[in-house]
Amino acid sequence: MEINKIIKLKINEEIENIKELENTLNAWNIAKWKYKRNESFNLPSTLKASMKLFDCFEVSHLTFCETGFSIDFDNNEVKLTSLEKYKRITLKINEENMKYLKKEIENGAKPTMIMVLPPSYKKGHHRRREIVRNNCWKLHITLKKNIELITINDFKELQKIAVIGVDLNSKHGVAYSSWIWNKKENSIKPMKFGFVKPKLKSHQFQEIEKWKLQMNYGISVKYNELYQRINTKIRRQNKDWIEKVSKMLIDIALNSIKEYNCEIAIIAFEELKDYEARNNSKKINKKNTEWLRRIVQRVFQKSLWINSMKILTYLPTFNKNQRNLEQILVDADYSSIKCSRCGNMGIKRGKEFFCSKCRFTDNIHINASRNIAKRTIEYLRKIQIIASP
């Protein structure tokens, strides 16, 4: 499996090199329009190859493929293709940034593409396009790293596995419960459970302001500038909250490996594609959890870049050449109503769950996370039986 990572670098340049970059950027923009109209244009072959790969006419930047640049770690320089033949534009970069880039390349990452961003450029598509203003020219280097996922033959040899079930439908924090699956003893034991609560500001004041705007403007509130600013602020805070939550979940997975001497940790979520939402509130929760899981998956890919074989956030693959990018997802039917101890259908009493058969009481979201962890173990057992010859 290939994972991409972007490293952002600042360019410390003199006036001559910046003029060369401006000339190449102008020629690049003219050539893009000619390429769109199927007209002939004069550019180096490396820039033409990158133009065929990246057909982005909205964003004004320079893209260089593998053959269009070279990195010199001794002199802290990056050389790009110039408009003139047999000549390259040299860009000077800070030593700390180059040391960090050198470490990543030594660990197995490969630089595949470089983007040069000017101090002001257009970002986005269609109506949401906006001008971004920076202090200086910036250089973005995309790195690719091949990570070997665990096959089912490797998964069979594992003896002790930590399974962490996560319930994302919680308002006062994400509920989790960690279980240990011992294959030798054929036993399942619950170890830890609780809520992950990162400290962030509440949206109470912002929600009141939104309600006032909706009362005053009615249907045309979406075109109000203040309403759009409040919405963007709430989205930014929510995104930051989810990234912090996912980092805390990864720390819980790594700590469970150390504490209980496990070989690997598995993090599982609910699958809501086939889930039938009856009320309007459940439909909103379904959309929110799908959006949450996308950001969580993005952070898990960053963690796989660092800890490649310790965390298994994806399904075990049947073949080594197969690219399986799906997370481990479990059925969401009756996860909060079913008892995690005896499996009987219980009763909801506000935020608490009560089982009439075994007299078990617990929080609804923690009970759901326990059911998710148990269902993942059952699911992985079925995969083992199907894959065995």
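1. In this predicted model, V174 has V196 of strand β12 as its bridge partner. The two strands concerned, β11 and β12 (residues 187-196), pair in the antiparallel sense, and nine bridges hold the pairing together in the assignment. They form a hairpin in which four residues lie between the strands, and N186, in the turn, has a positive phi of about 55°.

2. The partners are F155 and W181, whose rings are tilted, with 6.4 Å from centre to centre and 55° between the planes. Distant parts of the chain are linked in this way, since F155 belongs to helix α4 (residues 152-157) and W181 to strand β11 (residues 174-182), with 26 residues separating them. Are these two residues, F155 and W181, buried or exposed? Both F155 and W181 are buried.

3. Two charged side chains deserve a look for their placement over rings. K183 lies over the face of W181, at 5.3 Å from the ring centre, so that W181 is described both by this placement and by its tilted pairing with F155, given that a charge counts as sitting over a ring when it is within 6 Å of the ring centre and within 35 degrees of the ring normal. Elsewhere, the charged end of R349 sits over the ring of F354, at 4.4 Å from its centre.

4. A further sheet is open and consists of three strands in the order β3-β4-β5, with antiparallel pairing. Strands β3 (69-72) and β5 (88-92) stand at the edges, and because each has a single partner strand, one side of each is left without a neighbour in the sheet. Neighbouring strands here are turned by 20° against each other on average, with direction ignored. Between β4 (residues 77-81) and β5, which run antiparallel, there are five bridges, and within this pairing V78 has L91 of β5 as its bridge partner.

5. The largest nonpolar core has 32 residues, of which F64, L80, I114, V116 and L139 touch the most other members. Helix α1 (residues 15-36) gives the most to this core, contributing four residues. For F64, once neighbours within four places in sequence are left aside, the contacts are L47, F69, L80, T81, T112, M113, I114 and V116.

6. E20 is found in helix α1 and is partly exposed, with a relative accessible area of 23%. Which residues are in contact with E20 when its neighbours within four places in sequence are left aside? They are K87 and I89. E20 and R88 are 68 residues apart in sequence, and their C-alpha atoms are 9.9 Å apart in space.

7. For the protein chain as a whole, the secondary structure comes to eight helices and 18 strands. Buried residues make up 43% of its 389 residues. Among contacts in the protein chain with a separation of 6 or more, 62% are accounted for by residues 24 or more positions apart.

Methods:
Residues are numbered from 1 along each chain as its sequence is written. This is a predicted model: local features need pLDDT of at least 70, side-chain atom pairs count only at pLDDT 80 or more; totals for chains, interfaces and linings use all residues. Side-chain values use heavy atoms; hydrogens and water are left out. A nonpolar core is a set of buried Ala, Val, Leu, Ile, Met, Phe, Trp, Tyr and Cys residues joined through side-chain atoms within 4.5 Å. Buried means under 20% relative accessible area, exposed over 50%, partly exposed in between (1.4 Å probe, protein chains only). Contact means heavy atoms within 4.5 Å. Two strands pair if DSSP finds at least two bridges between them. Axes are lines fitted to C-alpha atoms, for helices over the stretch in contact, and angles run from 0 to 180 degrees between N-to-C directions. Rings of Phe, Tyr and Trp (its six-membered ring) pair if their centres lie within 6.5 Å; planes under 30 degrees apart count as stacked, over 60 as edge-to-face and the rest as tilted.
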